[in-house]
Amino acid sequence: QVQLVESAGGLVQAGGSLRLSCAASGRIFSINTMGWYRQAPGKQRELVATITNSGNTNYADSVKGRFTISRDNAKKTVYLQMNGLKAEDTAVYYCNADIRSLPNPYENNYWGQGTQVTVSS
């Protein structure tokens, strides 16, 4: 059974910083792309950032220059460093990963449970 477990989010003032982490566990053979998505109240879930297993990154335009995604392959963990937070960044943040678990010969897509990030203005 593969699980993605996210760190706690929190309440932060506008302009502040927060770091999220997400660790994968289980009978994992390999992890391909990992990423972060978010969903604000009344809105659809949207991509925040992704990172491939070779380190290529992709960001939503709304977070470019403020957020940084990284990963530690040995720890099976992905991070999201969020700087210059704005009220509009308030959302539930979800970790996502494409994982091949044993004994499957194919990848499945997994989601974390979500963690609340609230930015006060």
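Guide: Happy to. The link of Cys-22 and Cys-95 is left-handed, with -80° about the S-S bond. Their sulfur atoms sit 2.1 Å apart, and a disulfide here is a pair of cysteine sulfur atoms within 2.5 Å. Keep in mind that this is a predicted model, where local features need pLDDT of at least 70, side-chain atom pairs count only at pLDDT 80 or more, and totals for chains, interfaces and linings use all residues. Residues are numbered from 1 along each chain as its sequence is written, and side-chain values use heavy atoms, leaving out hydrogens and water.

Visitor: Which parts of the chain does that pair link?
Guide: Distant ones: Cys-22 lies in strand β3 (residues 18-25) and Cys-95 in strand β9, 73 residues apart. Strands are DSSP runs of E with at least two residues, numbered from the N terminus.

Visitor: Are Cys-22 and Cys-95 buried or exposed?
Guide: Both Cys-22 and Cys-95 are buried. Buried means under 20% relative accessible area, exposed means over 50%, and partly exposed is in between, using a 1.4 Å probe and protein chains only.

Visitor: How many disulfides does the structure hold?
Guide: It holds 1 disulfide.

Visitor: OK, back to β3. What is the bridge partner of Cys-22 in β8?
Guide: That is Val-78. β3 and β8 run antiparallel and are joined by 6 bridges; two strands count as paired if DSSP finds at least two bridges between them.

Visitor: And in what order do the strands of that sheet come?
Guide: The order is β1-β3-β8-β7, an open sheet of 4 strands with antiparallel pairing. β1 (3-6) and β7 (67-72) are the edge strands, each pairing on one side only. Neighbouring strands are turned by 15° against each other on average, direction ignored; the axes are lines fitted to C-alpha atoms, and angles run from 0 to 180 degrees between N-to-C directions.

Visitor: How many residues of β8 are buried?
Guide: 5 of its 6 residues are buried, so β8 is mostly covered by the under-20% rule.

Visitor: Switching topic: how many salt bridges are there?
Guide: The count comes to 4, taking a salt bridge as a side-chain nitrogen of Lys or Arg within 4 Å of a carboxyl oxygen of Asp or Glu.

Visitor: Which residues pair with Asp-89?
Guide: Arg-38 is one of them, with the closest N and O atoms 2.9 Å apart. That pair links Arg-38 in strand β4 (residues 28-39) to Asp-89 in the loop between β8 and β9 (91-101), 51 residues apart. Arg-66 also meets Asp-89 in a salt bridge, at 2.8 Å from N to O. Here Arg-66 is in the loop between β6 (57-59) and β7, 23 residues from Asp-89. Arg-66 is buried, and so is Asp-89.

Visitor: Where does Glu-46 come in?
Guide: Glu-46 forms a salt bridge with Arg-38, the closest N and O atoms being 2.7 Å apart. Glu-46 is partly exposed, with a relative accessible area of 36%, whereas Arg-38 is buried at 6%.

Visitor: Which residues end up in one network?
Guide: Arg-38, Glu-46, Arg-66 and Asp-89, joined by salt bridges that share partners.
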